[in-house]
Amino acid sequence: MPNDVFLTSDEICQLLRCSSTTLWRMRQTPGFPQPRQFGRRLLWLRSDIEQFLSLDA
């Protein structure tokens, strides 16, 4: 896991070109990757997001 890149919600919004509200709605979708919690921060693995997007396409 040392080569994994973690993304914040702001970075995911930039990647997907969506608002934070849209990201919140996407998180309610079954199958959307669950974030990892580091203290108070929620972070997603970039590879999980990319895999989810490739399944959706």
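Start by selecting R46 and E50: both sit in helix α3, 4 residues apart, or about one turn of the helix. Helices here are DSSP runs of H or I with at least four residues, strands are runs of E with at least two, and both are numbered from the N terminus. Before going on, note that this is a predicted model, where local features need pLDDT of at least 70 and side-chain atom pairs count only at pLDDT 80 or more, while totals for chains, interfaces and linings use all residues. Residues are numbered from 1 along each chain as its sequence is written, and side-chain values use heavy atoms, with hydrogens and water left out.

**Stop 1: the salt bridges**

Keep R46 and E50 on screen. They form a salt bridge, with the closest N and O atoms 2.8 Å apart; the term means a side-chain nitrogen of Lys or Arg within 4 Å of a carboxyl oxygen of Asp or Glu. R46 is partly exposed, at 33% relative accessible area, and E50 also counts as partly exposed, at 40%. For these labels, buried is under 20% relative accessible area, exposed is over 50%, and partly exposed is in between (1.4 Å probe, protein chains only).

How many salt bridges does the structure hold? There are 2. For the other pair, pick R36 and D48, whose closest N and O atoms are 2.8 Å apart. This pair links distant parts of the chain: R36 belongs to strand β2 (residues 36–38) and D48 to helix α3, 12 residues apart. Colour them by accessibility and you get partly exposed for R36, at 31%, and partly exposed for D48, at 22%.

**Stop 2**

Centre on I49 next. Leaving aside residues up to four places away in sequence, I49 touches I12, L15, F32, P33 and W44, where contact means heavy atoms within 4.5 Å.

**Stop 3: α1 against α2**

Hide the rest and look at α1 and α2, which pack at an angle of about 95° with their axes 10 Å apart. The axes are lines fitted to C-alpha atoms, for helices over the stretch in contact, and angles run from 0 to 180 degrees between N-to-C directions. The two helices are therefore roughly perpendicular to each other, a label given to angles of 65 to 115 degrees. To see the contact itself, select S9, I12, C13 and L16 of α1 together with S20, L23 and M26 of α2.

**Stop 4: the loop between α1 and α2**

Select R17, which is found in the loop between α1 and α2. Check its backbone: R17 has a positive phi of about 55° although it is not a glycine. Is R17 buried or exposed? At 78% relative accessibility, R17 counts as exposed.

S19 lies in that loop between α1 and α2 too, and at 36% it counts as partly exposed.

**Last stop: Q51**

Finish on Q51 in helix α3, partly exposed at 48% relative accessibility. From Q51 to C13 the C-alpha distance is 16 Å, and the two are 38 residues apart in sequence.

Conventions. Angles under 35 degrees count as roughly parallel, over 145 as roughly antiparallel, 65 to 115 as roughly perpendicular and the rest as oblique.
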